[in-house]
Amino acid sequence: MKTFAVIGAGTMGNGIANVAARSGLKVILCDVKPEFLARGLQAIDSSLNRDVAKQRLSDEDKNRIIRRIRTMTELEAVREADFVVEAIIEDADAKLALLAELDEITKPEVILASNTSSISITKLAAATRRPDRCIGMHFMNPVPVMKLVEIIRGLATSDETFAATRALAERFGKTAVEVNDAPGFVSNRVLMPMINEAVFALYEGVGTAEAIDEVMKLGMNHPLGPLQLADLIGLDVCLAIMNVLFDGFNDSKYRPCPLLKKYVDAGWLGKKSGRGFYRYDVSDQ
Ligand SMILES: NC(=O)c1ccc[n+]([C@@H]2O[C@H](COP(=O)([O-])OP(=O)(O)OC[C@H]3O[C@@H](n4cnc5c(N)ncnc54)[C@H](O)[C@@H]3O)[C@@H](O)[C@H]2O)c1
């Protein structure tokens, strides 16, 4: 494999492009607007600069990594890719349309992976004529730091596709864990209801955001409190995942907290928008 393509240059897409370029692959990074690509490249640059400052990476290596990444607004550019991961917004219709298009554009042997947090891989795969070569490749945020890649097998995913995807995750320095296709997989089936419950605790005035996060950090040994983590993930992403759990299980225990919906309606999406449960200086992102 030589060329790896990432669709979506947001929080996750630029992180995935970063680790792929670091592993020596040529990377095509696609998004719908040049400014989104510029922001993605800026995030990659900042992440690499942090490693240069810590002397984990030389300036020369950093420049070599950056040069491996080509940014494109035309999806046609992925025609030459040997493996594609999509990391666009968590919206089933948008992902289904994208996968159908990728199926047309890419070589038939290419694996189409989705970084979806919760949408059925089986359903996404059915939008293509190669469901055996579709798979979930769920990276964690921030991608360069987090070790896990949750690999999700859809109903038709072949053993060859699974093995190639696991090998790629390992090439990126990650640990792959295999799970089956179910709403939220394992990671978000367990994590998101906890975050949603923390939002309910805030909504009902059980504690301040700081108090809720302190309890979980000091009492449960979590490195981040659930509300801090929600801000890092993006509140729109959290809401989308809760909706997938709610619809997927038809169970009211997964209903998203009204306060989460209200924040998303207000555009308070967490760290990426400068405000969520906490306030952030957007200039240093
Ligand atoms: N944020 C997290 O912590 C996290 C963790 C794991 C997985 N995910 C998943 O990763 C995916 C991306 O999440 P994110 O947080 O990076 O979102 P984001 O909003 O930061 O970025 C999404 C990017 O996709 C682009 N985009 C939208 N439609 C597109 C299209 N048709 N073609 C090309 N680009 C398109 C947008 O312009 C945007 O730049 C989602 O499926 C999400 O559920 C997110």
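Buried means under 20% relative accessible area, exposed over 50%, and partly exposed in between (1.4 Å probe, protein chains only). The model here is predicted: local features need pLDDT of at least 70, side-chain atom pairs count only at pLDDT 80 or more, and totals for chains, interfaces and linings use all residues. Residues are numbered from 1 along each chain as its sequence is written, and side-chain values use heavy atoms, with hydrogens and water left out.

**Exercise 1. Work out which residues of α4 are buried, and how they sit around the helix axis.**

Step 1: locate the helix. α4 covers residues 92-105; helices (H or I, at least four residues) and strands (E, at least two) are DSSP runs, numbered from the N terminus.

Step 2: list the buried residues. They are K95, L98, L99, L102, D103 and I105.

Step 3: look down the axis. These buried residues fall within an arc of 165 degrees, so they line one face of α4. The arc is taken from the directions from the helix axis to the C-beta atoms. As background, an α-helix has 3.6 residues a turn, so residues three or four places apart point the same way.

Step 4: check the other side. There, D93 and E104 are exposed.

Step 5: find the cover. β1 (3-7), β4 (83-86), β5 (111-114) and α5 (121-125) are among the elements over the buried residues of α4.

**Exercise 2. Describe the surroundings of K95.**

Step 1: look for a polar partner. The K95 side chain makes a polar contact with the side chain of E86 at 2.9 Å. That term stands for a pair of N or O atoms within 3.5 Å; within protein, one must be able to donate a hydrogen and the other to accept it, and residues adjacent in sequence count only if both atoms are side-chain atoms.

Step 2: Setting aside neighbours within four places in sequence, K95 touches E86, I88, I89, E90, S114, T116, I119 and L124.

**Exercise 3. Identify how β6 pairs with β5 and with β7.**

Step 1: take β5. It pairs with β6 in the parallel sense over 3 bridges, where pairing requires that DSSP finds at least two bridges between two strands. S114 has G136 as its bridge partner in β6.

Step 2: take β7 (residues 148-153). β6 and β7 pair in the antiparallel sense over 4 bridges, and H138 has E150 as its bridge partner in β7.

Step 3: check both faces of β6. C134, G136 and H138 on one side and I135, M137 and F139 on the other are all buried.

Conventions. The expected span of a helix is 1.5 Å times one less than its number of residues. Contact means heavy atoms within 4.5 Å.
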